[in-house]
Amino acid sequence: MRKLVTLLMIAAIVIVVLVLLIQFLPYGHTHTNPPVVKEPNWNSPETRQIAQKACFDCHSNETIWPWYSNIAPMSWLVQRDVDVARSRMNFSDWGRISVEVGEIIEIVSEGEMPRSNIYSCIRGRVYLSRKKHVLSMG
Ligand code: HEC
């Protein structure tokens, strides 16, 4: 019994040390929000508001970086999501990357977006029930 407790304690210490060590890896800390270049011609302020809630944290330069985005390994997931998402479609640099509106509609109506990963789940920003509003985006 005592042996088991000792083993568990060693395991716990190893895990804590590992978690502390990975914080020093350079990836995941560049939380930049570059200036907004150009936004789409929103058909109404409401559409923009919904997109802002449901999509901006990944697909814009106005990401609200949550506290856990500073803690590895969550920081890696968030960083990767935002980097990839911005490179595919960026509401703050509209027109630079060509995204078909039809594609946006398809992705949203199939429930692929907003992505329900750890990032969007924790933030409770899965606005699929209101996807019709996003769909009216032009
Ligand atoms: C949690 C982060 C996150 C959120 C929130 C999010 N996306 Fe994405 N999105 C991504 C990532 C990552 C990719 C690229 C990888 C992929 O295709 O799975 C992507 C890709 C896309 C693409 C594909 C672009 C292309 O060139 O293929 C579209 C369109 C898109 N998202 C629309 C939306 C819309 C509309 C919303 C809001 C309703 C939204 N996304 C919310 C992370 C996100």
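This is a predicted model: local features need pLDDT of at least 70, side-chain atom pairs count only at pLDDT 80 or more; totals for chains, interfaces and linings use all residues.
N33 is located in the loop between α1 and α2 (45-54). Apart from its neighbours within four places in sequence, N33 is in contact with N61, E62 and T63. The C-alpha atoms of N33 and W65 are 9.4 Å apart in space, although the two residues are separated by 32 residues in sequence.

The secondary structure of the protein consists of seven helices and zero strands, so that the order of elements from the N terminus reads α-α-α-α-α-α-α. Helix α1 comprises 21 residues (residues 2-22), and at 1.5 Å a residue these should span 30 Å; the end C-alpha atoms are 30 Å apart, which agrees with that expectation. Helix α1 is hardly covered, as the count of buried residues among its 21 residues is zero.

Across the protein, buried residues make up 20% of the 138 residues. The largest nonpolar core has 10 residues, namely I50, A51, A54, C55, F56, C58, V78, V82, A85 and F91. Two or more residues of this core are given by each of α2, α3 (56-59) and α4 (74-88). Within the core, A85 is in contact with C58 and H59, its neighbours within four places in sequence being left aside. Among contacts in the protein with a separation of 6 or more, 78% are between residues 24 or more positions apart.

Terms used:
Residues are numbered from 1 along each chain as its sequence is written. Helices (H or I, at least four residues) and strands (E, at least two) are DSSP runs, numbered from the N terminus. The expected span of a helix is 1.5 Å times one less than its number of residues. A residue is buried if 20 or more other C-beta atoms lie within 10 Å of its own, exposed if 12 or fewer, and partly exposed in between; C-beta atoms are placed from the backbone. Two residues are in contact if their C-beta atoms, placed from the backbone, lie within 7 Å. A nonpolar core is a set of buried Ala, Val, Leu, Ile, Met, Phe, Trp, Tyr and Cys residues joined through C-beta atoms within 7 Å.
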